[in-house]
Amino acid sequence: METKITVIVDNISNMGLEGEWGLCLLVEYGDKKILLDAGGSNLFLTNLKELGFDVADIDYGVLSHAHYDHGNGMPAFFKNNSKAKFYLRDAAAENCYHRRKFFRVYIGIPKHVLRDYPDRIEKVSGDYKLCDGVFLIPHKSLGLSEIGKREKMFVKENRKWFPDEFAHEQSLVLDTDKGLVILNSCSHGGVENIINEVQSSFPEKRIYGYIGGLHLFNKSEEEILEVADIFKEKNIEYICTGHCTKNRAYGILKNELGDKLEQLKVGLEINI
């Protein structure tokens, strides 16, 4: 199956196109067009057009997780595309916060987007087949609330605060000619967990690639090297990362992974 992934929004500007803190990828899989996330603003619309795409032609939208830098463009998407639904985890809600000193700051998707576009949003659970060869895989690992606590990320439920266990996060998995390709925009649940989760869903398939942010911008060199070792141990042949990985961690990974690693940036085309 011919597979092309174009980076619409990332932190790194490129080719005269603006970037922002956020992520948006356009997946062309056979005759289907899938938008993964919609960035942190309406910038994705401008960049889609500049790159020669028509937002009205997109068949599916997928939200990787319920944070603003991936979901803020959703209302603009719905206003400019009349057919595609956005697929969210059933746990996705407008309830994600980050603790900064004594305050909890809202970092979720646009308020009221779930209320305003109920006919355009599809909540899914478990392993979900989006279309032939394309799947949405949830977290299945235990203890992810410990990661939420460490990252100072919380969800608000019934006026109570709980460490985020990232039940709203999902991987978009493509079955390509070279093997499975995992797209997980921020990898909050941990790279090793995500790879193991996908492998458990497809035990007979090999995982070829991993694309997305790795949330390493705030990690120690030791932790970054551990991620590099995981990619080596799992024999992942192609890794493309940016966004919340950021430059320092990317440089450390590049030293370890060499040609297997590519930098996400606006306008990048990945052909698999």
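Two strands are said to pair if DSSP finds at least two bridges between them; helices (H or I, at least four residues) and strands (E, at least two) are DSSP runs numbered from the N terminus. This is a predicted model, where local features need pLDDT of at least 70, side-chain atom pairs count only at pLDDT 80 or more, and totals for chains, interfaces and linings use all residues. Residues are numbered from 1 along each chain as its sequence is written, and side-chain values use heavy atoms, with hydrogens and water left out.

In strand 16, Tyr238 is the bridge partner of Gly209. Strand 15 (residues 207-211) and strand 16 (residues 238-241) run parallel and are joined by three bridges. They belong to an open sheet of seven strands, ordered 9-10-13-14-15-16-17, with mixed pairing. Strand 9 (128-131) and strand 17 (261-263) are the edge strands.

Next, the helices. The axes of helix 6 (residues 191-201) and helix 7 (residues 221-233) are 9 Å apart, at an angle of about 20°; axes are lines fitted to C-alpha atoms, for helices over the stretch in contact, and angles run from 0 to 180 degrees between N-to-C directions. That makes helix 6 roughly parallel to helix 7 (angles under 35 degrees). Val191, Glu192 and Ile195 in helix 6 meet Val227, Ile230 and Phe231 in helix 7, contact being heavy atoms within 4.5 Å.

Last, Phe77. Leaving aside neighbours within four places in sequence, Phe77 contacts Leu35, Phe44, Val55, Ile58, Ala84, Phe86 and Arg120.

Notes. Angles under 35 degrees count as roughly parallel, over 145 as roughly antiparallel, 65 to 115 as roughly perpendicular and the rest as oblique.
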